[in-house]
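Student: I would like to take a close look at a single part of this protein. Could you please guide me through it in one connected account?

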Amino acid sequence: MSLWLNGIGVSRGVAIGRAQRLHGTDLEIPERTLQVGDIEHEITRFYGAQRRARDELRAVREQIPPGTPGDIAAFIDTHLLMMDDRSIVDTTIGYIRSAQLNAEAALKKTRDAMVAIFDQMDDPYLRTRKDDVGHVVDRIQRVLMKQAQPTAALEGAPKFDIAEPTVIVSDDITPADIILLSQQKVVAFITEFGGPLSHTAILARSLGIPAIVGLRDARKWLRDGETVIVDGEQGHALAAPDAEALTFFKTKQAKLAQDRATLQLLRDKPAISKDGVKIRLLANIESPDDAIHAAELGAEGVGLYRTEFLYMNRKDLPSEEEQFEAYAKVVSAVKGPLTIRTLDLGADKQVDSGARLGPTPNNPALGLRAIRLCLKEPELFRTQVRALLRASRFGEMKIMLPMISSVAEYRQAHAFMAATRIELEREGYKLAPDVPVGAMIEVPAAALASPMLARECQFFSIGTNDLIQYTLAIDRVDDEVNYLYDPLHPAVLQLIQRTIESGVRAGIAVTMCGEMAGDVRYTRLLLGLGLTEFSMHPANVLEIKRAVLDADVKSLQAQVLRLLASADIEEQQALIAAL
Ligand code: PEP
Ligand code: MG
């Protein structure tokens, strides 16, 4: 009999395959009391397991295929760093010595203690870190218990016949396993835990593999070897489908594949609307390698290069030279314009090297993040600005400041950059004569003050991820309030419209680089609001281009004017739906 199951669809696409459950992280941990004479041997055994787990993980990192988005390697790097983390290693050895516990039990005690601390903090970002601790500890634990890693089991054991299209069903999947599994015939992932921002979700999207997360008790309902259909957009899984359902989903799958092929034909077509409005479609990238990938997917340039990734997964801060090399590489690689964002650390973007920049406050999203942190730590900012300006002569670079909330703050940052330029010129460096500087509009205050800011900035870029978070007072990484996160809220639309209008009046470019820009459901609305530059995940460029080619911007603008003027929310919603 067929069985429908529902979770959260986090990576689009339809997949059909045989279910394969992975054993979960719920290992049975043996506990023994050691003789005093055995303690040193046990410590050596623990170190051996830790080394072996690290080597296995390094091997996984080396298997990441070229062209894989940068965030994938970053996840593995985080785990590699954690493998050596003193709080895991020293605490475990402490338990082996003081409590005379075997390594497995001592490691479990360490994990429980760390998880308890994360639970108390109750910060959504740290909840993800808790998962990281779990994954790292589990990997060492399995070596100690001589249990195969899930993926190691896949390689050898006959019951994991990965030659067939397989749907992996698990409680949670580590980034390392996702990478290894994605190189086998895995066609979809289903996990029992996690939300749209979980590792599984992010990685599956990057790899283009359909995925459903948060499907409670999936391993209980699905049996190994049975056929499962996964609809990664709707979040539905259908076990043991009948012939009719199979035909339906196979047709849907074929349509999607055909759609992808048709989209490819648009790659070299200019993004011009039916009534002749030229729209610029740019990419958001996180590493110089992403730039090449973005151009292949039809992006005309880069509207957001997030530089935080240079600072992540390491214990020290990147030097001026290292940053200079990265920026020079990216600016040379990008054909077309490139907007580099200065450091946006804090809140949802934490780094190990930034730990010494202060304790985690109660409200990190409202605290010392982004430009605020840079202005508070001039040396940190100076190093980055020097590296950026030095790299500016290799291409068409613009610099963008995140989280600007007032004209005074923008002026302060701008003056700092001007002084740094003078300093570099005195030292004899050759710099591009003009490096446009702009502000991200992602705080409601900046959107409201946009007419004033537009007189000072050379461009705006609307960061809807934060603008929505701050306008609606919804933590963007808190699963509990996700349902309130609404890009179509009239207050959000008013702020976007005001920002675009301020930019147009002042004659400066306005880009949008938040997720909203890459979501085809909003393209017609944004065109109607007067947006002409969209920056997004490169995978979305062609879909947005198709919507642009299909649009009549003038008539959309007239319709959007009407919907903004309406005081009735239901009418507004109807008008949006009719666009
Ligand atoms: C945004 O806030 O919309 C944005 C693009 O920046 P990030 O998601 O990196 O905060
Ligand atoms: Mg932001």
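Tutor: The side chain of Ser-450 reaches the backbone oxygen of Ala-447 at 2.7 Å. A polar contact, also of 2.7 Å, joins the side chain of Ser-450 to that of Ser-502. Please bear in mind that this is a predicted model; the mean pLDDT of the protein is 88, and 91% of its residues reach 70 or more.

Ser-450 itself belongs to helix 17, which comprises residues 450–453. Is this residue buried or exposed? With a relative accessible area of 0%, Ser-450 counts as buried, because the limit for that term is under 20%. Setting aside neighbours within four places in sequence, the contacts of Ser-450 are Phe-460, Arg-498, Thr-499 and Ser-502.

Let us turn next to the metal site. The magnesium ion (ligand 2) is coordinated by Glu-442 through OE and by Asp-466 through OD, at 2.0 to 2.2 Å. Glu-442 sits in the loop between strand 13 (437–441) and helix 16 (444–448), while Asp-466 is part of helix 18 (residues 464–472), so the pair ties together parts that are 24 residues apart in sequence. Both Glu-442 and Asp-466 are buried.

Thr-523 lies in helix 20, residues 523–528, and is buried, its relative accessible area being 1%. Beyond its neighbours within four places in sequence, Thr-523 touches Phe-534, Ile-544, Ala-547 and Val-548. Of these contacts, Ala-547 is 24 residues from Thr-523 in sequence, yet their C-alpha atoms are 6.8 Å apart in space.

Eight strands form an open sheet in the order 1-8-7-3-4-5-6-2, with mixed pairing. Strand 1 (3–6) and strand 2 (8–11) stand at the edges with a single partner strand each, so one side of each has no neighbour in the sheet. From one strand to the next, the twist averages 30 degrees. Strand 5 (residues 186–191) pairs with strand 6 (residues 211–213) in the parallel sense over two bridges, and Phe-189 has Ala-211 in strand 6 as its bridge partner. Helix 8 (residues 199–207) packs on the sheet, where it touches strand 2, strand 5 and strand 6.

Note on methods: Residues numbered from 1 in each chain as written. Chains lettered and ligands numbered in written order. Predicted model: local features only at pLDDT ≥ 70, side-chain atom pairs only at ≥ 80, totals over all residues. Heavy atoms only, no water. pLDDT = per-residue confidence, 0-100. Pairing = 2+ DSSP bridges. Helix = DSSP H or I, 4+ residues; strand = E, 2+ residues; numbered from the N terminus. Axes fitted to C-alpha atoms, helices over the stretch in contact; angles between N-to-C directions. Contact = heavy atoms within 4.5 Å. Donors = N, O, S within 2.8 Å, 3.2 Å for Na, K, Ca; no water. Buried < 20%, exposed > 50% of the residue type's maximum accessible area, 1.4 Å probe, protein only. Polar contact = N/O pair within 3.5 Å; in protein donor to acceptor, adjacent residues only side chain to side chain.
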